[in-house]
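Please read them alongside the sequence and the structure.

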Amino acid sequence: MRRQRLLRTFPRIWRATRLARRWYYARRDAYPNWEPILATNSELWNSARASAQGGPRVLLATAIGSYAHAVTLESALAAALTFRGAEVHALLCDGSMTACAECEASLYPNIERFARHGPSRDLCRNCVEPAERVYRQLGITVH
């Protein structure tokens, strides 16, 4: 706990460590890996996906791909809905928003810089790709 307080006294270092942690978790353990799960019975999953085509459409509008908890829950929900005959789609931000819920004020001590560039230079690169990878493993259409 003391280390966190000490880092917070140096905003640039604290910000760099937060961004580095986001980068690391976006590429490692934070997101589910559906491939080995689906491989245990790929015929069943492929059959469920085929049956769901043309079924009721459901849009999972997370929009924030870096929120790994939501992506984990919603990808499991997507699988469950697919087994129940729904054609599931996911909505993710494409990095063109001027701000989002991931833009914590503590990550942007220079508000003028944030107003000029938004999150696109640092947050967006660790947001869309990991979530898109999870949904693509399931064969879910991503918008």
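1. Helix H5 passes helix H7 in a right-handed crossing, meaning that the near helix is turned clockwise from the far one by less than a right angle. Helices here are DSSP runs of H or I with at least four residues, numbered from the N terminus. This is a predicted model, in which local features need pLDDT of at least 70 and side-chain atom pairs count only at pLDDT 80 or more, while totals for chains, interfaces and linings use all residues. Residues are numbered from 1 along each chain as its sequence is written, and side-chain values use heavy atoms, with hydrogens and water left out.

2. H5 (residues 68–83) and H7 (residues 128–138) pack with their axes 10 Å apart and at an angle of about 15 degrees, the axes being lines fitted to C-alpha atoms over the stretch in contact and the angles running from 0 to 180 degrees between N-to-C directions. H5 and H7 are therefore roughly parallel to each other, a term that covers angles under 35 degrees.

3. On the H5 side, Val 71, Glu 74, Ser 75, Ala 78 and Ala 79 meet Ala 131, Val 134, Tyr 135 and Leu 138 of H7, where contact means heavy atoms within 4.5 Å. By class, this contact has seven nonpolar residues, one polar and one charged, with Ala, Val, Leu, Ile, Met, Phe, Trp, Tyr, Cys and Pro counted as nonpolar, Asp, Glu, Lys and Arg as charged, and the others, Gly among them, as polar.

Key. Helix = DSSP H or I, 4+ residues; strand = E, 2+ residues; numbered from the N terminus. Parallel < 35°, antiparallel > 145°, perpendicular 65-115°, else oblique.
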